[in-house]
Amino acid sequence: MADVLQFPAPPSDAAARTSALDTKASWIVEAPAGSGKTGLLMQRYLKLLTEDGVVQPEEVLAITFTRKATAELRARILTELEKAHHETPLLDQNSTFERATREFATAVLARDAALGWELIENPQRLRVRTIDSVCAEIASTLPLLSGSGGSRTPVEDAEPLYRLAARRTLMQLGGSDAALHTALRTILLHRDGSLSDCETLLARMLAAREQWGELIPLDRELLDDAALDREVRPRLESALENIVCAGLTRATKAMPAGLLQELASLAARLGMQPGYNDGASPISFCAGLEGPPETKAEHLDHWVALVHLLLTQKDWRKSRGITDRNLGFMLPKYEKEQLVQLIESIQNDRLLDALHALRALPPARYPDGQWEVAKALFRLLLHALAELKVLFAERGECDFAELALAAREALRADDGPADLAGSSGATLRHLLVDEMQDTSSSQYELIELLTRSWDGHSQTLFLVGDPKQSIYLFRQARVERFMRTMQEASLGDVPVGVLRLTSNFRSQATLVEDFNGAFSRIFPGADATLSSEAIDVPFVAATAVRQKTTSEGIVWHTAMLGEEIESAPTNNPRNDHALLEARRIRQIVEHWQQKPLPEGRTQPWRIAVLARARRHLAPIVAEFQRNEAAHPPIPFRAVKVEALDERPEVLDALALTRALLHPADRVAWLAVLHAPWCGLGIADLLALTGEGSSPASSDTIPALIESSESYLSNEGRALLTRAWPILRTALGESGRGDIAVRIERTWRSLGGDVLLQPEQRTNVQHFFALLRELEQPGGWIDLRALKTRLEKLFAEPASGEVAVELMTIHTAKGLEWDVVIVPALEKRGQTSRSDLLNWLELDGDDVTGPSIVLAPIYGKGSDPDELYKWLNHIRNAREEAERKRLYYVACTRAREELHLFATCERTSKGEIKPPIGTLLYSCWPAAQKHFDAWLEAPPSNLEGQLKQSLGEDESAEGIVPTATPGTPQISGPPLIHRLPLTFNPLQRFAEAAEHRLPYLSASALRQTPNFERPEGSFAVRAFGNVVHRFLQVLATRLTSGTTADQLLAELGSWEPRLLASLRGEGLAPALCQREASRALQALVQTLSDDIGRWILMPQPTAVSERAFTFAAAESPTLRVDRTFPGGTAPLSVGSEALWIVDFKTTEQGSRSAERFAEDERAKYSPQMESYAAVCRLLTDADRQIMLGLYYPLIPRLIHWPT
């Protein structure tokens, strides 16, 4: 059997690939972009299944971090197994890699047949999982060890739960817990008393609790002031001291030998000089200190004073700038000469960086004010975590972080891994982990716990990643852990060999050559010193496997801002640049669309536009949609680019929802009337709201329509005549049935779906699905939660053949295209936000070990203190390092050609500098030479710049000439997008009824009595069905001789039965527990209520759930909840009246008792009268019939005579 991953010509890293398939050893593999790591993972996974020690396929586990990666790896493994199973013949052109893979797959099937695995029939036995699903399995398999309490349903978006837990915590202000009240008061005062601000910050902390949950003290015994001051504060200050000492050590090592003593002696003399203008001297601390400072935290002030002598804010001090005013003290002339000479002799870049870092070091002692706020935060976070756990238990839900925490808790137990193996039926022997560079500290711990006590040979670990593709810092990805694992050649208990792949199978040779040149300028070399403070990963040159296919690899398109032509498309220079850049991108796409395909290729060229942020793609979307004779629209697919709440069709549906839920919402109603299904213009809307006989801002739009319709234009009245009856009917149905069903029915009746494309209709269906998900019992929807969820959902990408894909760089990770275009390198992405607690985890060294630095958020309206500033400085440095890696990911998606667009703006001195915090700034060492031409001969207009950057002649065609002022350049959409006046919304329903297939009507089918209730949402109906069912059970038990008191004593054990019944109704598990408790409450209150007992008491002719079925096919089956004889008043016994009682699970809410009775009787009187009419046919015509509605949750009986 072939053991080596082979290619047409042996790659430069063939030895490393051979070692990677040694299944008797554990490895960590650095696999850069295009190195074929997925194929290597697949081959090792298949080969592991053939090992003699593997008895069950579940003993081999491959972990990925995204569902997309999981699906890709699983699909490739299954495809190879199926090819081997069907004996698909290999062709001559198949590579040796494919032949080796076939051998592995064939060997797996042979072992499958010998051991009866049946993998083809049971592919789920192949354990290729996301890390979230692994955590869920561990938590559910070991509920006692994990503390999870059993299976819970993870929710994709737990933001509402975080907010509710935060709100519950803040509501404890003024409560019985004095310590919590004090903590809340401290935090609120610190944040200027803003409850909403504190709720948002606390909710964000709960979402990130997996990252900080084990970094701060959350044990109640440690949360009293004495314990915090005695145990926690010294630990934090020790970490600060280590950081300071490390910074001083770096400065000492960078300082030329002997010069530190000379500098200290000079500072000792200068420290005695008076301050400038009688002020305090900034180096007075040095007075008389002849000896050099040591690398101790207590010497930090001495070091800072010395740095003041050497540096300005940005660079070394220059001779002309060394003045009394700049230094802050009176400098003798003879001492100035010595200082100038010293600075000139000491200068080097390494020392400059070290001294800048030294000046930014945090204080070695935790500030007292910060500490008081930190202690309050510890107590607050502990209570918020408890509230969140209570919420999870109440709803039977959790988030993925909870599963991860529970999994680690279970595995920490001494017998955790053994119990897991016993419960799952298979011992984990081999673990493969993909994208290891994006692993957080908590995920590293999970892997270490899973592989505890492994020997690395009979039980192996295989880690694959590329530190240059670590772009998830916002998820606390610890790329430095990957680098340290490679340095130490071990992970936890498992020794691992280190392998580096260098072959690039993706990009053609010209691109690889350009990549090597560019990335070697941006990233440090392989011998770079690793620091956990600001991680800048090294770059190793790649070797191209593919031959050159074009002479162009990376193509730069540069421009300068602010040098527009007079007839610029707009008067905004940035908009002009974005517009012309988008047009050039269109030209590149059109060029590649016309480019011939290579021989043997049938698929069109694949092109992608990748941007750092979604908003950077907006001009390109507009350009691709432009429809002109010479430039038809370019079909494109925008993947996770447009949020649902940005789509017009969804905004229209949202406006309809708001209008029907809140009739007084004027803005929503105006949007509904302006939407395509009605299409009133601005003039008509103004006439409707402002030209009536007595316009008032308090008038609702529905009221204005009734009173002011005559003020509209003829066309406006015609449009309103078509839409208003449907809207008025929908308003009249308020409170009846599912909200989502009512809104969707109204939307379709108005014709909301008529003008939409398939993907637009899908977007609206996603909206309605979200409505159904968020609908609460009682028929209400939290509109704020709806808006938040819409922001996180993305519009459906276009279906069918497309020429270009548009997406963010993060979304593009793991994908590839022939041509990649990266626009707007000069634009910034999303800015970092302030958290309630700012923390930083540092690896430390072998002596000090890992350390934590944290600081609470600064007070609202005040400036951050030194510790918070230092933490932000380190975070900014890490973000800058990650931007380099983001640029690397964007570039390495390209197979044939890469186009980079960047714009700079001249400084007041005429210099060209990239904006800080941008991809252009990060790649400036590689990009700068492409801007040098603008320093020598800057062009006079924007269009010329673009043409020059493309090597085009000024007269070349391609870029559309800019229009003269006042001339629209791009034809826009119609001012009003609406259905034609001739559209009849009811006609299509009538036509559909005419073409309906000849099925029997529902009324003609055989009906069987059931407990389905017609009113309310699905959850409300399910709850009502269960309550009715168990009320009948109570009546039956009472009839059999069980007393009401006996039943009350027994009801406490009925909750599991209620829970099972609710699940049987199809209710979501998250709601079952809560609804079971409410159902039990309804039963208890019914038996505790005198009238409830009277209704259910056993009587000879009493019947529960009595059904009447009529002979006429069109007549429905009627079901009466409870009929029994009695007197004409409640609680009376007799036979002069027949009582017909219907059970209702509605609650009174905020309505008065009188209003509630009036509303309920008006709603249900026709239904009850129909019951009475049927019963009268079966009883004495003169007998009094009493009608009643009984509400177990109140409890209350509303009754009246028929």
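Start by selecting Arg 127: with a relative accessibility of 13%, this arginine counts as buried, because the cut-off for buried is under 20%. Keep in mind as you click around that this is a predicted model.

Where does Arg 127 sit? Color strand β3, residues 127-130, and you'll find Arg 127 in that stretch. Now show what surrounds the side chain. Skipping anything within four places in sequence, Arg 127 has contacts with Tyr 45, Glu 58, Val 60, Leu 61, Ala 62, Glu 137 and Leu 428.

Next stop: helix α13, residues 300-310. Here eight of 11 residues are buried, so call the helix mostly covered. Pick out the buried set: Leu 300, His 302, Trp 303, Ala 305, Leu 306, Val 307, Leu 309 and Leu 310.

In soluble globular proteins, nonpolar side chains tend to be buried together. The largest core here has 178 residues, and the members touching the most other members are Trp 556, Tyr 887, Leu 898 and Leu 920. Highlight helix α17 (368-395) too, as the top contributor to this core with 14 residues.

Zoom in on Leu 898. Not counting residues up to four places away in sequence, Leu 898 touches Leu 511, Phe 515, Gly 553, Ile 554, Val 555, Val 820, Val 822 and Cys 891.

Methods: Residues numbered from 1 in each chain as written. Predicted model: local features only at pLDDT ≥ 70, side-chain atom pairs only at ≥ 80, totals over all residues. Heavy atoms only, no water. Core = buried A, V, L, I, M, F, W, Y, C linked by side-chain atoms within 4.5 Å. Buried < 20%, exposed > 50% of the residue type's maximum accessible area, 1.4 Å probe, protein only. Helix = DSSP H or I, 4+ residues; strand = E, 2+ residues; numbered from the N terminus. Contact = heavy atoms within 4.5 Å.
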